[in-house]
Amino acid sequence: MADFRILKDAKPWFKDIYSKEEGLTIDFEVYYFCLMAGLASGKKRGDLTTTETSELVQHFPGRYKEKGKIIVSLFLARYLASLGVTLTDKKTAHNQISKLISPTSPNYLSDEGMKELNKYAAAGYDEIIGWFEERPRTLESFLRTFALKIDSQVQPINI
Amino acid sequence: MATEIKLMGWSAKGFRCPDHQVDLINHNNEPYLVSLIQMPNGTGKTTTKDLLRLTLSGGALNLRAQDIRAFAKDEDSFVPGVMEVRILVDKKVATFVMTFDYSQGKASYKTTYKSGQNSGFVPPQEIKNFLNPQFINYFILDGELAEKLLNDDQAAAQDVIDALFQVDSLKKIAAKVEDYWSEHAAGVTTKTPQGLTRQKNKVDEIKLRLRMLELECNSLDEKIITLQADLTAKKLEHQTAIEKNRTQNADLLNAQERLHSLKNEQIQNTSVLLELCASPQNLSGIFASSILNLKLGLDRVKLPEAAAREFFEELCDEPECICGREINPDIANTIRAKASQYLGSDDVSLLNALKTSIDEAVGNDPLSHRLELNSQIENLTDKVRSVNEARTLVEELSRKASQVDPKVKEAQEKIEALTGELKVAELNREKYDSDESSGPIGNIFGLKVLREKLEEAEHDLAESTGTLEIKEKTDIIKSILNTAYDSSTKIISSELVEETNQNLKQWLPDNNLEVESIRGHLRLKGKEKGSVGENLSVAYGFLSTLFNRTNHSLPFIVDSPAGALDLPVRENIGKTIPKLTKQFVTFVISSERQKFIDNGLQKVTADIQYVTIFRKRISKYLDLANSVKGTAITEDGVIVDDKEFFENFDLIKEEERG
């Protein structure tokens, strides 16, 4: 089973709003924001090496435990749309979906699915640093800017 | 294993101090709890303390000839200096004899323990870690020790922890491992020696720069921690000054209260926004719609199907279909092939679970979620604005308050200065996290980048020298050792802080002294700096906790323990010391007696020895000493072991004569 993997560069960028009493508390939160930015842009990085990424967890932790299935659904929608697969083509949709999901995995994704998800998260980090003039110093300023940017930058997902 | 060391006594002959012999054993045939050695200025207190350190550490073997000769009674002396020190190691006697040959400028040792006499400095195995030049200074102390333990610029507290818990062995082993690989790589010859030299030089250059930057960075980290603590202390001081004058500063206090409450509300609003952002459907209408469309699309094409793959696979094994028709091998193969187009039952369950989650989270109105998020962003933006306004008001009122009250002004100015200094330090610190990796090594500041470059360069070098496997192994060992060192010092330090504070609370209940942290040096809680007395109390408390923590019992041998203390502090320290150690031997001058001995030590113990040592040429005291039983007179010194003599010895006149 594959892990969520985060770009090593990402954590230092978030350091001022990470691990503080009023900040992000787990590495996965940094990953989540990067992933959302990647899924919004529809961009993916190429194959990631283990030296440029760090292993996180295999499951959706903390507050994301309840949201794992929605995150996976968004990923499936973005991925299928990127392939031009529409849900009128049952056979192709079925083939693609069965490649990406794994009911026995704690994150619901097959190794291939996780590999693709991590590529979106890596590209999302590139997006985020482009949205901010400098590293965020407070969680409130990060969240407000992030929430405004993601809504204005999100690309259509035609599924 | 627990070890107890006690000092039994010593004799010194042929040194700058008067020849003398001191026996610290009481009538129970055990060392006194407290031995006071009174020596007027100029008699050689410091020399005696130094000789004790050298004899018990083997340190004289590292002295230069002129340093050894400086201990002689006079320049032309060729009579050797001999210092003999007797200690008890778990109740067994060990004797160390140190001889200074002034003609050759050399020192030699003899050690006697259990099986007999050995040439050289050979301390018993169980106390080797204490009897060495580094550690000896932590139980044969001088007045500077407290300063060293509490000084920002020194890492003495860390050093003593390293030495006592032997965690520095981890660093030493890591260095040895590194040396081993370096030597191995250096010894290898290749067909291209110039290329190899270039590679070696590159490794050395990166190592040197990395070491330098790590030192800079560590010192900056220390500075930032100190500044943060100072700032907190100053803010507390500022607030206390404001609260002292509640009526005059009522507006300011109200404004502060409002700011505090608004900040709390802002934190709550931020937390709500974070929770909303953690659901993808809230972030964008496009997200919510696409998630819903996925579900609707799957429904439309009937994915997952009602039947799972397993149904058809099982059907192939049946003789006839559920419609009653026969299933021959051809039909079975066709069904089996088509079965792969169906999802497995687990996949079916998962897809159904996804669809249920979508129903629950997104519902039928995907665009409504973002509206809720927008409204929360607005709430938070309003709150941030209110906090900023409240902060401006507090700053304005603080400025006004500082114009009236000089204490508030002073604290405010200090806060502004510290804030500025902290900002600069934090900005400077950032360059060590830089990812910039281009340009020559000398232009790179990012520690992570340099570590990666070093790893790369060492890998290249190892490859060239055919030592790659050894290199990889040494890297693993070094990484384990360094992690072990960091983790163990962190754990030990935090436990020691807790125990030292518990002990300080028990020993000095009225002083409200607390150690905040040990990061190289001891740092007091809520204080930039302690008074001399406070520092000394904390230093004794820390060392005592440290020795107890490791189950070792060591004597405290202290030069001038009360000299720099005010009278009330002397009393306190005097009462405290016997609680901290099983043996306290101290060199004092007569002016230190007041309060330290009478109101301090004597109030908590009667097991005190009173020894006075002075130069023989002072006839007034010689006559008096002669009348005391047990007085010993050497060629140039007089040693009187008598309480009454000790208490009546008049330093002032002595110094005038001496």
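Predicted model: local features only at pLDDT ≥ 70, side-chain atom pairs only at ≥ 80, totals over all residues.
Visitor: At what angle do the axes of α13 and α14 of chain B cross, and within what distance do they come?

Guide: The axes of α13(B), residues 368–404, and α14(B), residues 406–430, cross at roughly 130 degrees and come within 5 Å. The two helices are therefore oblique to each other.

Visitor: Which residues make that contact?

Guide: From α13(B) the contact uses Ser398(B), Ala401(B), Ser402(B) and Gln403(B). Their counterparts in α14(B) are Val408(B), Lys409(B) and Gln412(B). By class, the contact comprises 2 nonpolar, 4 polar and 1 charged residues.

Visitor: Turning to α10 and α11 of chain B, how do their axes cross?

Guide: Helix α10(B), residues 309–316, and helix α11(B), residues 329–339, have axes that come within 9 Å and cross at roughly 165 degrees. That angle makes α10(B) roughly antiparallel to α11(B). Their crossing is left-handed.

Visitor: And which residues of α10(B) and α11(B) meet there?

Guide: Arg309(B), Phe312(B), Glu313(B), Leu315(B) and Cys316(B) of α10(B) meet Ala332(B), Ile335(B), Arg336(B), Lys338(B) and Ala339(B) of α11(B). This contact has 6 nonpolar and 4 charged residues, with no polar ones.

Visitor: What is Phe542(B) in contact with, leaving aside its neighbours within four places in sequence?

Guide: With those neighbours set aside, Phe542(B) is in contact with Leu149(B), Ala157(B), Thr500(B), Val515(B) and Leu522(B).

Visitor: Between the chains, how many residues are in contact?

Guide: In chain A, 39 residues are in contact with 43 residues of chain B.

Visitor: Which helices of chain A each supply at least two residues to the side that touches chain B?

Guide: Those helices are α2 (27–41), α3 (68–82), α4 (90–100) and α6 (139–153) of chain A. Helix α3(A) gives the most to that side, with 8 residues.

Visitor: What is the make-up of that side of chain A by class?

Guide: The side of chain A that touches chain B has 24 nonpolar, 5 polar and 10 charged residues.

How values were computed. Residues numbered from 1 in each chain as written. Chains lettered and ligands numbered in written order. Axes fitted to C-alpha atoms, helices over the stretch in contact; angles between N-to-C directions. Helix = DSSP H or I, 4+ residues; strand = E, 2+ residues; numbered from the N terminus. Parallel < 35°, antiparallel > 145°, perpendicular 65-115°, else oblique. Left-handed = near helix turned anticlockwise from the far one by under 90°. Contact = placed C-beta atoms within 7 Å. Nonpolar A, V, L, I, M, F, W, Y, C, P; charged D, E, K, R; others polar.
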